[in-house]
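Please describe how the parts of this protein model meet, both within one chain and between chains.

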Amino acid sequence: MPTLTATELQIIALSLRVALVSMLCSLPLAIVVAYALARLDFPGKTLVDAIVHLPLVLPPVVVGFALLVLLGRHGPIGSILEQWFGIVFAFRWTGAALASAIMGFPLMIRAIRLSIAAIDRRLEVAARTLGGSPPWVFVSVTLPLALPGIITGSLLSFARGLGEFGATITFVSNIPGETQTLPLAIYSFTQVPGGDVPALRLSIIAVILSIVALVASEWLTRRFATVHVDDRR
Amino acid sequence: MIDVDVEQRFGAFELAVRFAVDAPIVGLFGASGAGKTSVVNAIAGIAKPARGAIVINGTRLFDSAQRIDVPPERRRIGYVFQDALLFPHLDVQSNLLYGQRLCPAADRFIESARIIALLGLHALLERRPATLSGGERQRVAIGRALLAQPRILLMDEPLAALDVPRKREILTYIERLRDELHIPIVYVSHSIEEITRIADTIVVVANGRCTSVGDAQTVANALDASSTDDHYDPVSVIDTRIVAQDMRYRLTTLAFDGGELVVPAVDALPRDRVRARIRARDVSLAIGRPTGISILNVLPGVVTKIRVTGGPAVDVSVAVGNATLTARITQRSFEELGIHDDMYVHALVKAVSLEQQNFA
């Protein structure tokens with residue numbers, strides 16, 4: 001079995017970290033937004049829906065450029081974050097995670113929103129009559145029933161994070177050890193003479209990682225999420 | 001004591017129902033779309049009436065004038081839905097305990113072990129709702145509602161999705177609950193069969209109005225097609241007492257103040273109260289006292305009401321003592337016999353036309 005080089009291990013670790021952090025950090029917000037879009041009626045709903053889905057239709061480079069303008073160290077939001085909270089996204093791995101999160105957000109939202117919309121709301125009404133307060137009903141009935149969508153959405157976001165290229169390279173550049181994730185590293189190797197073999201090795205690793213993620217999500221769905229069987233006869 | 005006064009508009013439909021009843025089982029009866037479900041939803045707090053007040057056992061749960069609107073989770077009103085609505089992600093045990101876990105220990109008065117025994121749920125505890133039959137689901141739903149320690153139990157057409165044998169089975173369980181737990185039940189149905197079997201007091205709802213309230217015998221006998229579905233099949237309800245059991249012929253004699261009824265053996269002790277429900281189509285009429293016939297029940301009485309159905313049949317109500325027996329006869333017989341109000345007739349009931357489920 002061919003062993004991985006230290007550089008490859010570093011690239012894999014960084015990619016996993018970026019994908020995982022972006023997925024975990026966007027999940028709570030995605031659940032809230034998906035719930036609001038599936039269930040609530042509020043002014044500006046169409047606008048929120050459009051903004052959330054924008055990364056799906058925009059060229060990733062445009063998203064990355066927008067992030068650079070807004071969240072760069074001299075950008076309107078970036079400068080405030082740095083001065084007040086000491087948070088810097090530009091040219092850091094956290095910036096790569098942020099770019100991945102934004103690119104994966106619409107995929108996550110869609111899956112969760114669909115599964116929330118499929119829940120029979122009368123189940124929540126039944127839970128209220130049994131003494132469940134609205135927050136508890138959300139935790140004990142709505143969330144578990146939406147679990148298949150939450151798992152699917154998380155996987156899609158994670159996979160998007162592993163593969164994200166355009167927004168990442170535009171926003172945080174291609175810095176080995178800091179922002180150089182798998183796709184960025186593969187791209188770099190294809191740009192230098194004799195880089196074909198390392199690029200191929202990294203590509204195979206990317207394929208293996210994707211398959212593992214897919215199998216893991218399949219297993220999670222079987223293990224934790226009951227298929228939402230209709231309770232009527 | 002259940003004191004309800006609710007008003008609500010749904011487009012062109014106007015609901016204005018008001019009644020106050022106190023009985024172990026209250027039957028809320030009416031045709032589909034009459035407003036029954038809106039009334040129980042208001043009691044449970046899952047629909048808010050535009051105006052009115054709801055007081056259950058002295059606790060004011062809703063009052064538009066006093067701006068009281070207790071949220072459903074704090075009303076402690078058990079609700080059994082037509083299609084059970086069990087939580088598909090939980091097994092039967094967790095479904096049963098969902099409400100109990102949310103109820104403070106000091107307020108608990110029904111134990112889970114007792115409910116599991118009473119409703120025969122022991123073998124189902126580890127199953128998922130998706131694997132249960134319709135009757136099993138409904139039993140679990142009843143248990144789940146009861147373990148939330150409710151003040152009263154609302155049952156909205158709990159048998160509508162079940163076949164006839166399951167219906168009978170669940171009705172038997174509900175009667176068991178009434179006899180053992182002493183939690184008032186509001187039972188909603190469009191079926192006069194179910195209502196007269198199970199309810200002590202009947203509230204009739206028609207077109208968003210409460211048209212009559214009273215004990216089962218009186219209300220059932222006063223019902224006519226205007227307050228019910230088109231295919232309404234009249235039923236006479238007679239409260240009786242067992243006076244004799246005939247072991248040899250396996251017959252039971254029931255007494256009421258208009259006479260006696262001989263029926264196939266009823267499984268109960270002498271002096272037990274039995275409510276007999278007799279379908280109008282099982283009753284015939286004769287002018288003189290017939291002789292040389294096989295019919296065991298010949299009850300003399302006076303015609304009190306004649307209702308022409310428009311079809312080939314005529315419903316003739318006969319006062320037998322204080323009870324009323326309705327007979328459905330053909331228009332032709334009606335004319336040939338010359339039946340008219342205050343006429344003295346004999347009502348004939350074939351004993352074998354009555355089955356076990358006619359008695360409760």
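Domain bounds are taken here from an automatic or database domain assignment. On that basis, chain B is divided into domain 1 (2–228) and domain 2 (236–358), and the C-alpha centres of these two domains of chain B lie 33 Å apart.

This is a predicted model, in which local features need pLDDT of at least 70 and side-chain atom pairs count only at pLDDT 80 or more, while totals for chains, interfaces and linings use all residues. Residues are numbered from 1 along each chain as its sequence is written, and chains are lettered from A and ligands numbered from 1 in the order in which they are written.

Eight residues of domain 1 of chain B are in contact with eight residues of domain 2 of chain B, contact being a distance within 7 Å between C-beta atoms placed from the backbone. On the domain 1 side, α6 (192–198) and α7 (216–222) of chain B each give two or more residues, and α7(B) gives the most, with four residues. Helices here are DSSP runs of H or I of at least four residues and strands are E runs of at least two, numbered from the N terminus.

The contact between the chains takes 25 residues from chain B and 19 residues from chain A. On the chain B side, β7 (77–80), α2 and α4 of chain B give two or more residues, with α2(B) giving the most, three residues.

How values were computed
Two residues are in contact if their C-beta atoms, placed from the backbone, lie within 7 Å.
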